[in-house]
Structure formats: C-alpha cells, structure tokens
Amino acid sequence: MTSLSAKDKDTVKAFWAKIAPKAGDIGRDALGRMLVVYPQTKTYFAHWKDLSPGSAPVAKHGATIMGGVGEAVSKIDNLTAGLFNLSELHAFTLRVDPANFKILAHNILVVLAIQYPTDFTPEVHVSMDKFLAAVALALSEKYR
Amino acid sequence: MVEWTEQERSIINNIFSNLDYDDIGPKALARCLIVYPWTQRYFASFGNLYNADAIKTNPNIATHGTKVLHGLDRAVKNLDNIKATYAELSVLHSEKLHVDPDNFKLLADCLTIVIAAKLGNAFTPEIQATFQKFLAVVVSALGRQYH
C-alpha cells in the first residue's frame, strides 16, 4: 500500500477537525453497523450482554476505538512509532484478525457518508481510506 | 441458492424504486475511479480522467455510470436467479472487457457509500446488511463465468 502524501495528511487532519466533536457517535454507529452487517465480528465480543446498535457496551467501545483513530491522526507523520502500544495490545492481548480492520474501516466510511454527505467527497474518501489502511498496517506491525 | 426473506426483498425493491439512476450511477462510478484510481485502466478511451474534477464532470463516465446502475435492475427483478441472469454479462466482462473481478467489489463499495450519503440515517444497519448482501450476490454472479 502507498504511504500518505502531504495532501492526504492535510485532508485527513482538516476533515478530522470537522468530525472530532462527533467522534464518539461515529464510532458507536460504525461498530454497531459492523456487528449487524458482518456477524462474524461478534465473535470478539461474546463477553458483552448486548451487542445491538446503540447498546451501552457498543457505545462505549465505539468511542474508545475512535479515540484511537484520533490519536492516529495526531501521530499521522509516524503511525508505526505512534501506535506502538496499540499495536502490542492488538497483537498480544486482543489478537484481532487484521482482516477485521478493513471491515471496521469500511463501516466508519459508511457512517461518514451518512453524517457528512456533502463534506465526504471522493477526494476526502480516498484520503480517509488510505489513512485507515495505514492505521491498520501500523496496528498489525507486532503481529508476527 | 441464495435465500431472501420477504423483508429483504422489500428493502431491495424499495431502494431501487426510489433511485435516481442519473444521479447515483455517475456518482458511484466517478467515486470508484477517484478512490481506486487503478480502475481507470478500463476507461482509457473515455477522455479526460486526469484529476478528480475531470472525472466528476466527464460526460462519458456519467453515461456509463447510469448504464451500469441500470444493469442491476435485472438482478432486482430476478432475485431468485441472479447467477443465471448474469451468466452472459459475466462472460462479457471476462472475455470482451477483461475486467479483473476484484474490481466489482470496489464499485459495489462505492455504490454503498453513495447510497448511504443519499439516504442518511434511513440507511439503517439492517438495510445496509441487506443491500450489501444483494451486491455480494451480484458480484459473485458476475465473476462466475471467468475461466
């Protein structure tokens, strides 16, 4: 996968500034959608009582995830170093199959399209898609 | 054989009967060419695809986007027989157009995003699941006759 150009980084930072106030809601919606549209992802959350969209654990965890994405935005110039701890967490403790990063990224993009139909232009879409792919790559660094 | 519930059939029919093909088709195809630029390889004869603005205003792309979207009508009308319905189109995409079938998923994802932007919160998780299931079946059928 290609690395992020200066234009990509500027686009991501500008768009993130716009959406950051609703990051928690976006995360909640994206995670909720993922669990419905890709039921295999529920296997990671067997310990939750309620996996329905908008439930308390989904809302809380969606916000946690988007917090991580926000951190990635601030470390966009060196994601591998910046997400070192999160990578260790996903590799050794959570052991989420990296294929799922792509699935979650897709659902984040769907939510962005829903919430920001005019701002989520194709140009913003491509930069965000590249960024989320780069984040996934950084998170997979410690897997093997 | 793909099984469809009454609810899924209703959701799919609803989406397509309320669709502005001339708006959504061009938007989906243009987005695909911008977000996944390697897909431009199939459109060398379409004129200026030099940057995002050129793609968005290219009349050939717009016409083709509408055409591709109408191509989905056949699947909507033949939900229980999508594989057979698309056998000929699959051969066309393989033998004549030489389209890598991985590209079908890319366009499907862009169509999902464009529909999501159009429907907003009405594009619920359940509707998204049904729509993506429908597109997955179409994508699979279109790749079926590749040898």
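Contact here means heavy atoms within 4.5 Å. This is a predicted model, where local features need pLDDT of at least 70, side-chain atom pairs count only at pLDDT 80 or more, and totals for chains, interfaces and linings use all residues. Residues are numbered from 1 along each chain as its sequence is written.

Q: What makes α2(A) oblique to α6(A)?
A: Helix α2 (residues 23–37) and helix α6 (residues 99–115) of chain A pack at about 125 degrees, with axes 8 Å apart. Angles under 35 degrees count as roughly parallel, over 145 as roughly antiparallel, 65 to 115 as roughly perpendicular and the rest as oblique, so α2(A) is oblique to α6(A).

Q: Which hand does the crossing of α2(A) and α6(A) have?
A: α2(A) passes α6(A) in a right-handed crossing, the label used if the near helix is turned clockwise from the far one by less than a right angle.

Q: Which residues of α2(A) meet α6(A)?
A: On the α2(A) side they're Ile26(A), Asp29(A), Ala30(A), Leu31(A), Arg33(A) and Met34(A). Their α6(A) partners include Ile103(A), Asn107(A), Val111(A) and Gln115(A).

Q: How many residues of chain B are in contact with chain A?
A: It's 21 residues of chain B against 19 of chain A. The buried area (accessible area, 1.4 Å probe, lost on being put together, summed over both parts) is about 1700 Å², with carbon and sulfur atoms giving 61%. In chain B, Arg31(B), Ile113(B) and Pro125(B) lose the most area to chain A, together 29% of what that side buries.

How values were computed. Chains lettered and ligands numbered in written order. Heavy atoms only, no water. Axes fitted to C-alpha atoms, helices over the stretch in contact; angles between N-to-C directions. Helix = DSSP H or I, 4+ residues; strand = E, 2+ residues; numbered from the N terminus. Buried area = accessible area lost by both parts, 1.4 Å probe.
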